[in-house]
Amino acid sequence: MNLKSQGRWAYLFLAPQLIGLIVFSLGPLIFLFVLSFYSWDGFGNNHFVGLRNFQFTLTDPDFWTALVNTIYYTVLTVPVGIFLAILLAVGLNRIRLRNVYRVLYFMPVVTSSVAVGIMWMWLLNGKFGVLNQLLHSIGITGPDWLTDTRWVMPSIAMVSIWWGLGFNMILFLAGLQNIPKVFYEAAEIDGASKFQQFWRVTMPLLSPTTLFVTVITIIGSFQVFDQAYVITNGGPAKASYTLVFHIYQLAFVNFTFGKSAAAAVCLFVIILLFTALQLSLSKRWVNYAN
């Protein structure tokens, strides 16, 4: 078989993936950018409005409320979620039944978001929720987790950390198992303690995995929707009103798809800038030595 024939077969096998990418990813993305310049109610009434949708988005108080809430949610979930995932991965990497625990911790990840939301609505109920009952048993009066504007976003962040912890833990566990043991043996010969081995060996060699987890976790945090929709419906007083929830409201409640598309484009740009910043700063701390 000559090279030309091999190339044709390669394109043939790549075709399903390329077609899926174009139809389900690139196509909708292009349509989104085009739609952001139109006023459309989803039925047939559409006309070109230029940058008016973006002007509306940037002057809409709800957009800025959603952005602040989303950033607050990101600050709550990303550092804590990554820290806990690393601790779990390090712990599981030291025991024999790691595969069993890996399955148990990963189960919430594949659980329906609606099921997770409803379960946590009962757990976090201010009057008869399990969490407040446990706090009451030790003499602590629990807050109204889902109806208090001060606690609703930390509550959603707690749910999200629990929900996604298994996925990040699996990634870190894979990164840990990819670190050659010779580095630890050399550190022991030099007299390094367990903490020094973790800080000077594990963390630097785990930095590529940490970068990947950080990037995808921040992207996911800016796209949070299920938890806010199922558990609180954006309330109370829009304290859990996130960017994707705002986009949903504009499109499928107000039927202003053009404005919704403009808000989605703004979200796309924000995520792109954050990702580019992380990749740029990663050159200072990511070590690919292994």
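Me: Why is Arg-200 called exposed?

Reply: Its relative accessible area is 66%. Buried means under 20%, exposed over 50%, and partly exposed in between (1.4 Å probe, protein chains only).

Me: What should I keep in mind about the model?

Reply: It's a predicted model, where local features need pLDDT of at least 70 and side-chain atom pairs count only at pLDDT 80 or more, while totals for chains, interfaces and linings use all residues. Residues are numbered from 1 along each chain as its sequence is written, and side-chain values use heavy atoms, leaving out hydrogens and water.

Me: How many helices and strands are there?

Reply: The protein has 13 helices and 2 strands. Its C-alpha atoms fill a box of roughly 75 × 75 × 35 Å along the principal axes. Of the 290 residues, 38% are buried.

Me: What makes a set of residues a nonpolar core?

Reply: The members must be buried Ala, Val, Leu, Ile, Met, Phe, Trp, Tyr or Cys residues, joined through side-chain atoms within 4.5 Å. The largest such core here has 39 residues, and among those touching the most other members are Ile-82, Ala-89, Phe-172 and Leu-176. Helices that each supply at least two residues include H3 (61-92), H7 (152-177), H10 (207-222) and H13 (257-281). H3 gives the most, with 10 residues. There's also a second, separate core of 9 residues, including Leu-124 and Trp-145.

Me: Which residues is Leu-176 in contact with, leaving aside its neighbours within four places in sequence?

Reply: Ala-89, Val-90, Asn-93, Thr-202 and Leu-206. Contact means heavy atoms within 4.5 Å. Across the protein, residues 24 or more positions apart account for 68% of the contacts with a separation of 6 or more.

Me: Why does Thr-74 count as buried?

Reply: Its relative accessibility is 10%, so Thr-74 falls on the buried side of the cut-off. Thr-74 lies in helix H3. Leaving aside neighbours within four places in sequence, its contacts are Pro-79, Ile-218, Ser-221 and Phe-222.

Me: How do you know that Asp-62 and Lys-238 meet in a salt bridge?

Reply: A salt bridge needs a side-chain nitrogen of Lys or Arg within 4 Å of a carboxyl oxygen of Asp or Glu. This pair has N to O at 2.8 Å, so it qualifies. The two are 176 residues apart: Asp-62 is in helix H3, and Lys-238 is in the loop between H11 (226-232) and H12. Asp-62, at 24%, is partly exposed, and so is Lys-238, at 34%.

Me: What about Glu-188 and Lys-194: why is that a salt bridge?

Reply: Their closest N and O atoms are 3.9 Å apart, so the pair is still within the limit. Glu-188 is partly exposed at 47%, whereas Lys-194 counts as exposed at 53%. The structure holds 3 salt bridges.

Me: Is Asp-148 buried or exposed, and what makes it so?

Reply: Asp-148 has a relative accessible area of 17%, so it's buried. Its salt-bridge partner is Arg-150, with the closest N and O atoms 3.0 Å apart. Arg-150 itself is exposed, at 62%.

Me: What makes the phi of Asn-233 worth a look?

Reply: Its phi is positive, about 55°, although Asn-233 is not a glycine. Most residues other than glycine have a negative phi, and most peptide bonds are trans. Asn-233 lies in the loop between H11 and H12. Phe-255 also has a positive phi of about 55°; it sits in the loop between H12 and H13 and is partly exposed, at 40%.

Me: How do you know that the bond joining Gly-235 and Pro-236 is cis?

Reply: Omega is about -5° for that cis peptide bond. Pro-236 is in the loop between H11 and H12.

Notes
Helix = DSSP H or I, 4+ residues; strand = E, 2+ residues; numbered from the N terminus.
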